[in-house]
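Here is a short briefing on one protein model. Please look over the sequence and the coordinates before reading on.

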Amino acid sequence: MKRVLVIGPCGAGKSTLSVDLGQRLDLPVHHLDRLHWSPGWVEGDKNELIEQVAAITAGDRWLIDGNYGSTMAERLARADTVVYLDFPIHLCFWRALKRIWTWRGRSRPDMTEGCPERFDLEFLTYILRWNQGPKPRTEAILKGFQGDLVRLKRPRALDDWLANLPRRDRSDLALSGL
């Protein structure tokens, strides 16, 4: 796993997993939300995001967290692994509400500074409608993916999968010559 995508519904835990995987695999982590949003919740230009993603995916080692359909094909073309958190929407919705409450008024570590967490009905509606729109689009584009697809349906399955991944520390890196 050298070029990894972490995708799934909002609230599934993509960013948390990405940080953990980045450390385990010694990969630089790129959060698409951080690339896309400017302070004050100003949405970035789609073409600029595509250019930023192209620059990242041109590299040999990376982990990218987020869905963003406009960049999915480019990322899939270069990825060797996709980790798909295909969790139940009621769980993702609950986790999103918990995240809003926990981080209210502050920017999360995976988000651009100046984008404080807030209650956003449109965002919560997007999560509730995941299975009717974003999920079918994601499923369709994944059909052509040639790498390793790790689809995890429950948090317990994620825990089991992670338990079988080696955790790299500095001594591992020194021994491998990295």
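The notes below cover confidence, the sheet, its helices, one loop aspartate, the cysteines and some local backbone features.

This is a predicted model. The protein averages a pLDDT of 92. An open sheet of five strands, paired in parallel, has the order 2-5-1-6-7.

**Confidence**

- A pLDDT of at least 70 is reached by 93% of the residues.
- Residues 170–178 stay under 50 in pLDDT. For residues 170–178 the model has six contacts beyond four places in sequence.
- Where pLDDT is low, the predicted coordinates should not be read in detail.

**Sheet layout**

- Strands of a sheet pair through backbone hydrogen bonds, either parallel or antiparallel. Here the pairing is parallel, and the strand order is 2-5-1-6-7.
- Strand 2 (29–31) and strand 7 (148–152) are the edge strands. Each has a single partner strand, so one side of each is left without a neighbour in the sheet.
- From one strand to the next, the twist averages 15°.
- Three bridges link strand 2 with strand 5 (residues 62–65), in the parallel sense. In this part of the sheet, His-31 stands opposite Asp-65 of strand 5.

- Strand 6 is mostly covered, with five of its five residues buried.
- In a regular strand the side chains alternate between the two faces of the sheet. On strand 6, Thr-81, Val-83 and Leu-85 point one way. Val-82 and Tyr-84 point the other way, and all of these residues are buried.
- Strand 1 and strand 6 run parallel and are joined by four bridges. Val-6 has Val-83 of strand 6 as its bridge partner.
- Strand 6 and strand 7 also run parallel, with five bridges between them. Tyr-84 stands opposite Arg-151 in strand 7.

- Helix 8 (residues 155–163) lies across strand 6 and strand 7. Helix 8 runs at about 135° to strand 7.

**Asp-110**

- Asp-110 sits in the loop between helix 5 (89–103) and helix 6 (121–128).
- Is Asp-110 buried or exposed? Its relative accessibility is 10%, so Asp-110 counts as buried; the cut-off for buried is under 20%.
- The side chain of Asp-110 makes a polar contact of 2.9 Å with the side chain of Ser-15. Another side-chain polar contact, at 3.0 Å, joins Asp-110 to Arg-108.
- Leaving out residues up to four places away in sequence, Asp-110 touches Ser-15, His-31, Asp-33 and Arg-34. His-31 is also the residue opposite Asp-65 in strand 5.

**Cysteines**

- How many disulfides does the structure hold? The number is zero.
- For Cys-92, the closest cysteine sulfur is that of Cys-10. The sulfur atoms are 8.4 Å apart, too far for a bond, because a disulfide needs them within 2.5 Å.
- Cys-115 is in no disulfide either. The nearest cysteine sulfur to Cys-115, that of Cys-10, is 15 Å away.
- Cys-92 counts as buried at 0% relative accessibility. Cys-115 counts as buried at 1%.

**Positive phi values**

- Most residues other than glycine have a negative phi, and most peptide bonds are trans.
- Trp-41 has a positive phi, near 60°, and is not a glycine. Trp-41 is placed in the loop between strand 3 (37–38) and strand 4 (42–43).
- Tyr-68 also has a positive phi, of about 40°. Tyr-68 lies in the loop between strand 5 and helix 4 (69–78).

**Ala-54**

- Ala-54 belongs to helix 3 (residues 46–57). With a relative accessible area of 30%, Ala-54 is partly exposed.
- Ala-54 and Glu-74 are 20 residues apart in sequence. In space, their C-alpha atoms are 7.1 Å apart.

Notes:
Residues numbered from 1 in each chain as written. Predicted model: local features only at pLDDT ≥ 70, side-chain atom pairs only at ≥ 80, totals over all residues. Heavy atoms only, no water. Helix = DSSP H or I, 4+ residues; strand = E, 2+ residues; numbered from the N terminus. Buried < 20%, exposed > 50% of the residue type's maximum accessible area, 1.4 Å probe, protein only. Polar contact = N/O pair within 3.5 Å; in protein donor to acceptor, adjacent residues only side chain to side chain. Contact = heavy atoms within 4.5 Å. Pairing = 2+ DSSP bridges. Axes fitted to C-alpha atoms, helices over the stretch in contact; angles between N-to-C directions. pLDDT = per-residue confidence, 0-100.
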